[in-house]
Amino acid sequence: MDAGTTDHVDLAVIGSGSGNSLVTPDWEGKRVAIIESGAFGGTCLNVGCIPTKMFVYPAEVAAAVREASRYGVDAHVDGVRWRDIRDRVFGRIDPISEGGKRYRLEGENTTAYLGRARFTGERTLEVALNDGGTARVEADQIVVATGSHAVVPDVVRESGVPFHTSDTVMRIDDLPPRVLIIGGGYIATEFAHVFADLGVEVTLVARGPRLLRHLDGDVARRFTEAARTQWDVRLETRVEELTPSEAGEGLVDARLSDSTRVEGALLLVCTGRAPSVADLDLPAAGIAQHDDSRIVVDEHGRTSVPGVWALGDVSSEHQLKHVANHEARVVAHNLVHGDDLRSFDERFVPAAVFTRPQIAAVGATQEELDEAGTEYRVKVQEYADVAYGWAMEDTVGFCKVLAAPDGRLLGVHVMGHEASIVVQPAILALNLGLTAAETARGQMWIHPALPEVLENALLGVVDPEN
Ligand SMILES: Cc1cc2nc3c(=O)[nH]c(=O)nc-3n(C[C@H](O)[C@H](O)[C@H](O)COP(=O)(O)OP(=O)(O)OC[C@H]3O[C@@H](n4cnc5c(N)ncnc54)[C@H](O)[C@@H]3O)c2cc1C
Ligand SMILES: NC(=O)c1ccc[n+]([C@@H]2O[C@H](COP(=O)([O-])OP(=O)(O)OC[C@H]3O[C@@H](n4cnc5c(N)ncnc54)[C@H](O)[C@@H]3O)[C@@H](O)[C@H]2O)c1
């Protein structure tokens, strides 16, 4: 591209994750620029939700085989072919990313700029192209959808030892004997599950007193107990020193604040993700940011600069793909209906953690209700109390329902087999404003399926004698 000229487009989208879905039929006959510096398709497709869950599934198959004898079926895991597991995942994903890029490069009304964008004015951008050139783009409207990136603490960066984040660890060639995971959140607990159930020794170091501590307190407490039976979990502990290990290339030795050492481990850093704004030069456009650097948007997705929108991890307080997708649908409408704007509806944002046991939740936690001084009733129902739980000999799963004294649902929290499926009727009920009684008795529940645990918890919150 000629460095001297400026391309004028109707819409420029920075980031090809959820941003890529903004090119709706409304833009036919108009010019759209998609600017992407990394792998096409963004985090979810390339290094996030989709590949991680494609690793979780084989880990669960291995775990099921190991536990089969409980049910009178004798079986054992003969081996884990990591490279085959890895290649199944990326053999599926990489062509989708590549195809998406080609589709935009060759699209009738789209131009894909493969490079890093920064603002030079309110609606002007400069793109440092990956091939070394520079492009200038002026747009009537711009959407910033640049997502987030892994944060790496100083103790790791400054040590100079080799380490992985979720961006790189799924592509390793061989399973290490041991993994040292720093962090106690979503990514840490999902990878602990994957590696441990594929036969790797896992040490997980978390600075807090519980894992997943932003979840409902009962869930965090019971999950932490379950995690300790599976992995070497060090709570209220920090990594103090890291050195390269003689045990093998790419491995580290660590000294922890509890005065113990972990030796010969692959180091996996899972300490949160920050909005990707550093390269954008937002002040050049006058785009306002929160203290944590997220872009400020209103309920329609508008930033402080007219004609500039933002969505997804770069602006949202929820770093979740279904939230980014929801925001993209709203912004896609608003870009072409300036006189009929739609709003984000994030009253009930559900989430699931695909760890072991699985966790899913929607609505308020008990701690949030206590803090707000909201009155509530609570019922905890064990998986072990319903027929499907008996079939599974389940000992850890439970469903917790929080409801207002008038029966309105406030929050539902599930830990156990397929929690993300069990919770879904509660997500619908909250969005429709149903009471616990309406949700429990407004439909038939398939017997003897696992969601009966939710049905019973709902009935229990209506009538504590139940
Ligand atoms: C390991 C992992 C597992 C996850 N699992 C789940 C899950 O199971 N369920 C769930 O709901 N969420 C999950 N998430 C979160 C989810 O992936 C994100 O919330 C979601 O992908 C964010 O989408 P986005 O469109 O905002 O950003 P992204 O998909 O990250 O897209 C942003 C794009 O912008 C590009 N970019 C950044 N800066 C620039 C620039 N200056 N110029 C040009 N391009 C730029 C980036 O390269 C990137 O491709 C997971 C995340 C991770 C890391
Ligand atoms: N299933 C899913 O939906 C899913 C899966 C993975 C990721 N995600 C999204 O991605 C986000 C990022 O995931 P994550 O696990 O990196 O973040 P997280 O916020 O869930 O957890 C970060 C963890 O790192 C710890 N930590 C932070 N700074 C630290 C430091 N300097 N030293 C030691 N520990 C430190 C925190 O105490 C916390 O335990 C999640 O919040 C979630 O929104 C979602």
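The model is predicted; local features need pLDDT of at least 70 and side-chain atom pairs count only at pLDDT 80 or more, while totals for chains, interfaces and linings use all residues. Residues are numbered from 1 along each chain as its sequence is written, and chains are lettered from A and ligands numbered from 1 in the order in which they are written.

The protein chain falls into domain 1 (6-47 + 86-148 + 274-336), domain 2 (154-271) and domain 3 (357-462), with bounds from an automatic or database domain assignment. The centres of domain 2 and domain 3, taken over C-alpha atoms, lie 31 Å apart. Nine residues of domain 2 are in contact with 11 residues of domain 3 (C-beta atoms, placed from the backbone, within 7 Å).

Helix H2 covers 49-67; helices (H or I, at least four residues) and strands (E, at least two) are DSSP runs, numbered from the N terminus. The 19 residues of H2 should span 27 Å at 1.5 Å a residue, which agrees with the 26 Å between its end C-alpha atoms; the expected span is 1.5 Å times one less than the number of residues. Pro51, Thr52, Phe55 and Ala59 of H2 are buried (20 or more other C-beta atoms within 10 Å of their own, C-beta atoms being placed from the backbone). The buried residues of H2 pack against helix H3 (82-105) and helix H5 (186-197).

H2 also supplies at least two residues of the shell around ligand 1, as do strand E2 (32-36), helix H1 (42-46), strand E3 (110-121) and helix H8 (321-336). Of the 35 residues around ligand 1, Gly15, Gly17, Gly42, Gly147 and Gly312 come nearest (a residue is near if its C-beta atom, placed from the backbone, lies within 6 Å).

Key
Contact = placed C-beta atoms within 7 Å. Buried ≥ 20, exposed ≤ 12 C-beta atoms within 10 Å, placed from the backbone.
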